[in-house]
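The sequence and model come first, followed by the description.

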Amino acid sequence: MKRRNFLKASAILATARGVHTMAGPFTLSDYSRAMAPADKKLDRNWVKSLFAGGPATTYRKTRNELKYIGMPVGGLCCGTVYLGGDGRLWLWDIFNENQLGAVTKVLPIKMEAFKVKEINNIFGTLYLEPATVDLRPLQQGIALLITRGETTTVRRLQEDEWDEIIFEATYPAARITYVDKTLPLEVTLDAFSPFIPSDVENSSLPATIQSVSIKNLSGEPVTVEVVGWLENKMLLHTAKKETAFTRVNKPFADEYGKGVWLDCGSDLPDIRNAPDFGNMSLSVVGAAAVCIPDISADNHPSLRPLKASIPLSGNAPVAAVITRHVLQPGQTATADFILSWYTPNSALKIETPDIHYYSKKFSSAQAAAEYIARKYSYLKTTTLLWKHTWQDSSLPSWFMERTFLNISTLATTTSHRFASGRFYAWEGVGCCPGTCTHVYQYAHAMARIFPELERDMRERVDLGLAFDKSTGKIGYRGENTGPSIDGQAGVILRIYREYLMSADGAILHKNWDKIKAAITFLMLQDKNKDGMEDTPMENTLDALWSGEISWIVGLCLAAVRAGEKMAEEMGDTDFAAVCADYVRKGSHNMETYLFNGEYFIHRPDSVQGKKGIGSYNTCHIDQVYGQSWAWQAGLGRILDKEKTMGALRSLWKYNYMPDVGPYIKEHPGGRFYALAGEGGMVMNTNPMKDPQPYGDAQAWQVGYFSECMSGFEHQVASHMMAEGMTKEALILTRTIHDRYHAAKRNPFNEIECSDHYGRAMASFGTFINACGFHYHGPRGSVTFAPKLTPENFRAPFNVAEGWGTYAQQIKGKKINAQLKIVYGKLKLKQLNVEVPVSQKIKKIKILLGNEPLPCTFIQTDSHCEMTLAKEVTITQGQMLDVTI
């Protein structure tokens with residue numbers, strides 16, 4: 001199919017049912033000066049709706065919104081298993097194929113800028129033509145056999161057998177409701193893999209859980225048998241060339257559950273070393289179940305109505321597990337199915353042994369299933385407790401979903417963990433190795449939800465395997481790679497963030513000499529000593545840029561400011577002074593020489609000029625990225641507020657487009673991450689109408705500049721939120737959310753240079769800034785300064801050793817605040833909140849339970865700093881109550 005036909009079809013897809021028209025209509029005349037329209041023509045009611053609360057996002061069968069849904073429902077770094085919109089599992093990327101993309105897809109579209117005749121997942125093929133739930137390499141399902149009197153009705157949990165199916169899109173646990181007007185039953189499926197912030201081990205289990213709940217709504221007893229089945233397709237790919245094995249299913253049972261173990265049936269060396277070697281299991285929690293190893297060899301009466309709908313093959317036996325429930329009127333029963341896998345050979349060939357982390361803990365899928373069954377109450381209850389805690393917020397539900405769900409990237413084959421414990425990730429599935437520092441420095445989610453993993457990566461890789469002791473440079477793709485300038489700065493900022501997100505600060509104290517060397521290396525890249533980095537070096541736009549580039553200069557300034565803070569913590573006053581001088585000089589010069597009156601630019605090298613690629617006088621999406629990072633790490637201002645606001649307003653004016661169609665028609669060549677009829681913030685625009693806006697070089701990377709990459713967009717949204725541009729932050733975030741509406745494509749797969757792209761985890765930063773949250777674990781300090789509805793605010797928070805909920809109410813001359821620990825604990829010495837700037841604090845009362853806590857306070861304008869006389873530890877279930 002020709003490019004124009006793909007784009008025409010995609011434009012139709014972009015305006016699919018279920019997505020409200022947010023703005024427009026637009027014509028080319030609205031895009032004056034080849035930029036975004038000055039009048040965004042945003043629908044006022046649509047904008048108003050962004051601030052409203054409401055229930056979780058739901059997708060429905062009757063609106064044709066289920067076929068693209070693929071929510072990752074495996075453990076962290078355990079492969080990819082998708083939950084489909086109707087509850088069936090699909091994709092099953094657990095066999096270590098290590099392919100490009102969630103599903104490798106090639107389309108015959110020629111892109112001259114990138115010098116390719118056809119495109120693959122790197123270019124957004126699954127954005128253009130999303131994978132559908134039909135991609136099931138093995139058979140799996142659940143059915144209900146419903147008996148009322150003498151009549152038995154069979155309903156499989158799949159789309160074509162119900163009047164309505166409603167998918168509630170709440171990662172990490174989705175709820176699916178099944179509606180049949182002829183059945184007196186309420187049927188729901190809770191689907192998840194254990195996901196518990198701060199508990200990496202129990203969030204990294206190679207399994208998914210399907211919890212089926214049935215409630216009898218009739219006035220008479222109803223008997224329901226719940227049948228789950230799973231096909232043995234071990235050695236899925238090896239079987240195409242090697243057939244000397246016989247797959248075997250065997251039942252197992254203990255006091256916590258019963259199930260069937262599905263083995264590949266061979267222990268030969270060549271088979272054992274195959275990537276898809278291993279086993280799976282299907283089990284149910286509790287002892288009351290019937291387990292059938294091979295339905296083709298069993299004539300159990302509950303299987304007879306189903307056999308015709310489950311195709312059987314000779315060397316792929318299908319196992320089944322059946323539970324039976326007699327429900328009295330109003331009674332509810334639950335069947336908890338565990339589907340686990342064990343395919344230990346990662347086949348990435350990076351570390352020895354070349355096996356997955358989970359294979360150190362479990363010797364088989366059966367062992368994993370038995371572990372989950374033993375700890376099932378804790379795993380299920382705490383996962384659903386986190387889901388409730390996250391959703392229990394005054395922030396809009398759609399906002400909570402979009403800012404969090406990208407952490408599901410950790411439960412895809414973008415993310416891996418080796419036997420050593422090392423976390424390792426592609427940029428997107430199968431593309432660009434090495435947990436690239438210039439990509440993952442944008443991603444804030446893992447550091448807040450699983451800080452242990454980020455701390456380990458800083459010490460094991462950035463300050464270990466990838467660290468050059470002689471220079472302080474850090475390999476941007478791990479060992480045996482050179483540095484990137486933005487990656488180096490980002491690592492320094494992340495080290496400081498990891499220090500803040502720790503309880504004891506050990507990461508800083510153990511590694512200060514290396515950290516100091518890394519900061520020194522960064523400052524040495526300023527050749528003319530003006531505080532503005534100017535050494536050509538690799539960056540996230542895949543080229544060596546010369547000159548003084550605002551987004552790189554600012555990022556380096558933020559990193560050196562973080563260095564100053566760390567030096568102060570270490571008592572290294574001399575180095576702190578060096579860092580402070582660098583930031584003072586660099587900030588002044590960046591504001592003086594790189595601000596053109598509207599926004600920050602890229603000043604060409606005095607010798608090279610514009611021979612090479614660069615952003616030069618264009619309006620670049622990351623121009624104040626350093627200040628954005630500074631807000632994430634509590635570093636305060638590194639750039640003048642008015643100039644920063646001018647830059648953000650320029651991005652809104654010139655780069656944000658409610659419909660990118662007219663723009664990309666005039667500026668073709670970019671990859672497919674936003675289509676005609678969809679909104680987005682374009683990477684670069686050319687307000688000055690420079691005839692050579694990106695330099696004289698005919699570089700293929702110029703194609704990036706007309707794209708909408710969601711990770712960069714989330715970064716800008718988070719910065720806008722921090723600076724008080726709340727409306728613009730919500731609009732931009734919602735624009736991304738709507739691009740990934742289930743009527744059009746998979747809501748759980750933000751694409752940039754392949755699927756489930758790591759940079760998209762920047763979305764969590766927007767949530768952090770909406771809460772005005774800052775945490776300093778070693779000092780026991782927590783800050784909240786909500787940007788949305790501060791008069792009646794409620795949101796979750798994560799700290800080093802737990803998580804909880806913060807709420808505040810402002811009424812008249814009184815502020816009440818409640819800080820509750822829902823899981824784990826929090827060591828607290830200082831609590832900081834915002835108060836109305838016009839009011840002076842007279843007194844403060846703090847209670848922990850019923851115990852008064854003496855404190856002192858300092859009010860500076862709107863900032864109130866409360867310091868407890870003695871540090872306290874708030875434990876699970878306890879609440880701090882504050883009255884100001």
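In this predicted model, the axes of helix α12 (residues 451–465) and helix α13 (residues 485–500) come within 9 Å and cross at roughly 140°. Angles over 145 degrees would count as roughly antiparallel; α12 and α13 are therefore oblique to each other. The crossing of α12 past α13 is left-handed. On the α12 side, the contact is made by Glu454, Arg455, Met457, Arg458, Asp462 and Leu463. On the α13 side, Val491, Arg494, Ile495, Arg497 and Glu498 take part. Sorted by class, this contact of α12 with α13 holds 4 nonpolar and 7 charged residues, with no polar ones.

The next element is a sheet. Five strands form an open sheet in the order β6-β5-β11-β16-β15, and the pairing is antiparallel. Its edges are β6 (151–156) and β15 (290–292), each of which pairs on one side only. Direction ignored, neighbouring strands in this sheet are turned by 20° against each other on average. Ile292 has Ala320 of β16 as its bridge partner.

Helix α7 (residues 365–374) is largely enclosed by the rest of the structure, because 7 of its 10 residues are buried. The buried residues are Ala365, Ala368, Ala369, Glu370, Tyr371, Ile372 and Ala373.

Ala169 lies in the loop between β7 (164–168) and β8 (174–179). Is Ala169 buried or exposed? Its relative accessibility is 6%, and buried means under 20%, so Ala169 counts as buried. Leaving aside residues up to four places away in sequence, Ala169 touches Thr57, Tyr59, Glu401 and Phe748. Between Ala169 and Gln698 there is a separation of 529 residues in sequence and, from C-alpha to C-alpha, 44 Å in space.

Key
Residues numbered from 1 in each chain as written. Predicted model: local features only at pLDDT ≥ 70, side-chain atom pairs only at ≥ 80, totals over all residues. Heavy atoms only, no water. Axes fitted to C-alpha atoms, helices over the stretch in contact; angles between N-to-C directions. Helix = DSSP H or I, 4+ residues; strand = E, 2+ residues; numbered from the N terminus. Parallel < 35°, antiparallel > 145°, perpendicular 65-115°, else oblique. Left-handed = near helix turned anticlockwise from the far one by under 90°. Contact = heavy atoms within 4.5 Å. Nonpolar A, V, L, I, M, F, W, Y, C, P; charged D, E, K, R; others polar. Pairing = 2+ DSSP bridges. Buried < 20%, exposed > 50% of the residue type's maximum accessible area, 1.4 Å probe, protein only.
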